[in-house]
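Please look at the structure before reading on.

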Amino acid sequence: MNTLKYQSQAVAKPYFVFALILFVGQILFGLIMGLQYVVGDFLAGAIPFNVARMVHTNLLIVWLLFGFMGAAYYLVPEEAETELYSPKLAIILFWVFAVAGVLTILGYLLVPYSTLADITLNHLWPTMGREFLEQPTITKLGIVVVCLGFLFNLGMTILKGRKTSVNMVLMTGLIGLALMFLFSFYNPSNLALDKYFWWFVVHLWVEGVWELIMGAILAFILIKVTGVDREVIEKWLYVIIAMALISGILGTGHHFFWLATPAYWQWIGSVFSALEPLPFFAMVLFAFNMVNRRRREHPNKAATLWALGTAVMAFLGAGVWGFLHTLSPVNFYTHGSQITAAHGHMAFYGAYAMIVMTIISYAMPKIRGIGECNCNRAQVWEMWGFWLMTVAMVFITLCLTGAGVLQVWLQRLPETGEALSFMVTQDKLSIFYWLREVAGVVFLLGLIAYLTSFFIKEKATA
């Protein structure tokens, strides 16, 4: 029994599957890093900390991009009410992106980074060596080719079909994602200038255009699982993305506080960053309001749980924890501390990892021909995965927050005498790092439970 409205939506499946495989890899490398914080020589010869960190963060970005692409290939045809322009192109681009990604990660693990730069001819166009953008120039060029083909495929699909607000917002976010990535090719020798434009990629992705992608996917899911009028959901969507763009674009200023930029950035960054929690709070109201007003009881309870959880965790991670240290007088002391890591972990999980798992939870039963949802036993496993991962991420965030507060107190705000050195301070934070590692293991167990739900074969009962 195939329940897809359009057969070409099935091209989303390899994107979703590969995204989850990379997600597992990201968590494993995160656990390795977490253990290296407290057992410094753990796998130090085979996987040095700097390599593990590079792989951990790169896998995060790549698996989310695969998830976004799969989500777009699934929802755009259904919203446009037409088949995908070229399913064959989508599959070709999948393999190009997957092979390039795997080879790049293997390069990080098997070849010294300086050697990798030499063999990929980085000297011809130097772009390597920056956090999150460590990919060789040749890989970055491959990403651009994949993005262009991806946007062409979606654009042609929308042009020949129905134009909806969900598709327009999604395409705006995806085009913005591609455009902002072009700043990764600009690598000025001046470090302050480099960091200034580096944030054009990193911040304007995660606190700008990615929020549009997240909002569009969430709106699509809520339309499907609640049966609320499309017009109502679209109005909410427009309000949310307007707030996200206004606060997110000027909120970039909170990264410019200490880059020798003009003093007005401290005001702009502080004021507009303080507004950034508002679209996430609106998203919480949006999700719960739509579910409460639902006209149907959708059988996929797990997907509904993921949708509500996304809104709440995104508000906590990106909104509340972001606000905790975004004002310049506070950021002066907390900048680059473990408080930053606490915010980053919960924000990425709540806003982006969870929205990808939301669309996978909703779409995969249909793609696999099971029906509207997995069987009850599979959904129980999936919901166990949700709660284990989410609660574990809350504990990881609290542990890192505690470590960050103590770090600031000992290293940057000593009561008497000299501040402690970085390494002495880190040694005093070890209890928080051990607790963070335990929570990380629980998170992995939750991910295993989530993945297990896909292997339970029993048919759903109507």
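What volume does the second largest pocket have? The model is predicted, so local features need pLDDT of at least 70 and side-chain atom pairs count only at pLDDT 80 or more, while totals for chains, interfaces and linings use all residues. Residues are numbered from 1 along each chain as its sequence is written, and side-chain values use heavy atoms, without hydrogens and water.

## The second largest pocket

The volume of the second largest pocket is about 210 Å³. On a 1 Å grid over the protein atoms alone, a pocket is an open set of points with protein on both sides within 12 Å along at least five of seven lines, and a lining residue has an atom within 4 Å of a point. Grid points are joined across faces, edges and corners, and a volume is the space filled by probe spheres set on the points.

The lining consists of K13, V17, L20, I21, M364, R368, L451, F454, F455 and K457. Helix α1 (residues 12-38) gives the most to this lining, with four residues; a helix is a DSSP run of H or I with at least four residues, numbered from the N terminus. Seven lining residues are nonpolar, three are charged and none is polar. Ala, Val, Leu, Ile, Met, Phe, Trp, Tyr, Cys and Pro count as nonpolar, Asp, Glu, Lys and Arg as charged, and the others, Gly among them, as polar.

## The cavity

A cavity is a set of points where a 1.4 Å probe fits but cannot get out. One cavity of 30 Å³ or more is counted, and the largest cavity holds about 110 Å³ of space. Two or more lining residues come from each of α2 (49-80), α5 (137-159) and α6 (165-181).

Helix α5 gives the most, with five residues. Among the lining residues are F68, F97, C147 and L177. The lining divides into 11 nonpolar, no polar and no charged residues.
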